[in-house]
Amino acid sequence: MFSAADTAFMAQAIRQAELGRYTTSPNPNVGAVLVKDGAVIGCGYHKQAGGPHAEVFALREAGTAAKGATCYVTLEPCSHFGRTPPCAEALIAAGVARVVVAMQDPNPQVAGRGVAMLRAAGITVEIGLLETQARAVNPGFLSRMERQRPYVQLKLAASLDGRTALANGDSKWLTGDAARADVQHYRAQSCAVLSTATTVMADNARLNLRAEQLLRNVTTLENGVLRQPKRVILDRNGTLDGKMAIFDDGGEVLLCVSKLENSRQLPNIARQIHCPLDNNAQFDLPVLLEHLAVRENINTLWVEAGATLAGTLLQLQLVDELIVYIAPKLLGNTAQPLAVLPQFSALAAVPQLSWTDVRMVGQDLRLTALLT
């Protein structure tokens, strides 16, 4: 049975984990708090893949006082040698007496081994405190480990009457500066941005992270290093060339093709990945998502594309979260739609949403919903 103090300290560890949300990818966000005699003696979070884990930062801060302490950690301490030594061994060496873990690590390289190592050393280990809250910090990592596909966020911008552009394609700028800056928070937390060659060519789009926009409002970045999310572009016909702006910022661009073209001249940052076609002669998106998770270590996939890809992802039930920016404009019934979906004959068949957040962003609304 966990005490009120246990709950409070684990909540503090979860807040620590959230500090790494812009920089830890593809690793999970993890926080740790060391407590002795009812007082916090060390805390930390994982800042960067390849760098020290949360427990190590907390142990460094605590020093020799860690002996006999309790460690509250949001994810099971690792037990294997990767780019850093096992955190379970570090806790054992420090002489902690008790470890409270919010949730077991679904990574098969850990998956209970860290807990077993701690218990074998005589350390009391308790699991499951604030597990729901701890899972909410890592939807992408958990999706990759448990479902072998990324957590998919679909971003759309529309007028009040649900239109994304005029009939002639004019949509710049539908939403305001604040909404466009807000998008940078999502891109920064994503491993990759998915779009189509059609969308890229329409505006010569970069689809990159604008760090200067993000950093205006971020005060918790500390020592983590921002990185450009990969851009994953559906480019079946090989229409993108090295002159496009998307190739200018040094971030990796993955071009999805149905047939690899060895003779194609591409910039060094571009790489072709094969994606088979489905029975409708379109990209097999479930296969692509599995590839991105398993082969490219993509936790969270941020989608910015037109109505056709948006509709396809929704129809295939591949969207986990929908983020829609609503501008205070009316474009009329001849304007382009939000998503191309089949004609439904019953309300029971339409995609079901569950609102999680509604707020003003500048003069626009941001609606956030989970697909149920």
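1. E304 has a relative accessible area of 8%, under the 20% cut-off, and therefore counts as buried. The model is a predicted one, and this value is computed from it like the others in this note.

2. What does the side chain of E304 meet in a salt bridge? The partner is R187, at 2.8 Å from N to O. R187 belongs to helix α7 and E304 to strand β12, so the contact ties together parts that are 117 residues apart in sequence. R187 is also buried, because its relative accessibility is 6%.

3. Salt bridges with shared partners join D182, D357, R359 and R366 into one network. The search of the whole structure finds 15 salt bridges.

4. Another of the pairs is D6 with R98, whose closest N and O atoms are 3.1 Å apart. D6 sits in helix α1 (residues 4–18) and R98 in strand β4 (residues 98–101), 92 residues apart, and the pair thus links distant parts of the chain. Both D6 and R98 are buried.

5. D320 and R147 form a salt bridge with closest N and O atoms 3.0 Å apart. D320 is in the loop between α11 (307–315) and β13, while R147 is in helix α6 (residues 139–147), so parts 173 residues apart in sequence are tied together. R147, at 37%, is partly exposed.

6. The sheet is open and has 9 strands in the order β11-β10-β9-β8-β12-β6-β13-β16-β15, with mixed pairing. Its edge strands, β11 (270–274) and β15 (353–361), each pair on one side only. On average, neighbouring strands are turned by 25 degrees against each other, direction ignored.

7. M360 stands opposite L365 of β16. Helix α7 (residues 177–189) packs on the sheet and touches β6 (151–159), β8 (192–196), β12 (300–304), β13 (321–327), β15 and β16. The direction of α7 makes about 150 degrees with that of β12.

8. Which residues make the nonpolar surface patch of about 510 Å²? They are L353, W355, V358, M360 and L365. Strand β15 gives the most to this patch, with 4 residues. W355 is found in β15 and counts as exposed because its relative accessibility is 56%, over the 50% cut-off.

Key:
Residues are numbered from 1 along each chain as its sequence is written. This is a predicted model: local features need pLDDT of at least 70, side-chain atom pairs count only at pLDDT 80 or more; totals for chains, interfaces and linings use all residues. Side-chain values use heavy atoms; hydrogens and water are left out. Two strands pair if DSSP finds at least two bridges between them. Helices (H or I, at least four residues) and strands (E, at least two) are DSSP runs, numbered from the N terminus. Axes are lines fitted to C-alpha atoms, for helices over the stretch in contact, and angles run from 0 to 180 degrees between N-to-C directions. Contact means heavy atoms within 4.5 Å. Patches are made of residues with over 30% relative accessible area and no salt bridge: like charges are joined within 9 Å, nonpolar side chains (Val, Leu, Ile, Met, Phe, Trp, Tyr) within 5 Å. Accessible areas come from the Shrake-Rupley method with a 1.4 Å probe; for residues, only the protein chains shown count as cover. A salt bridge is a side-chain nitrogen of Lys or Arg within 4 Å of a carboxyl oxygen of Asp or Glu. Buried means under 20% relative accessible area, exposed over 50%, partly exposed in between (1.4 Å probe, protein chains only).
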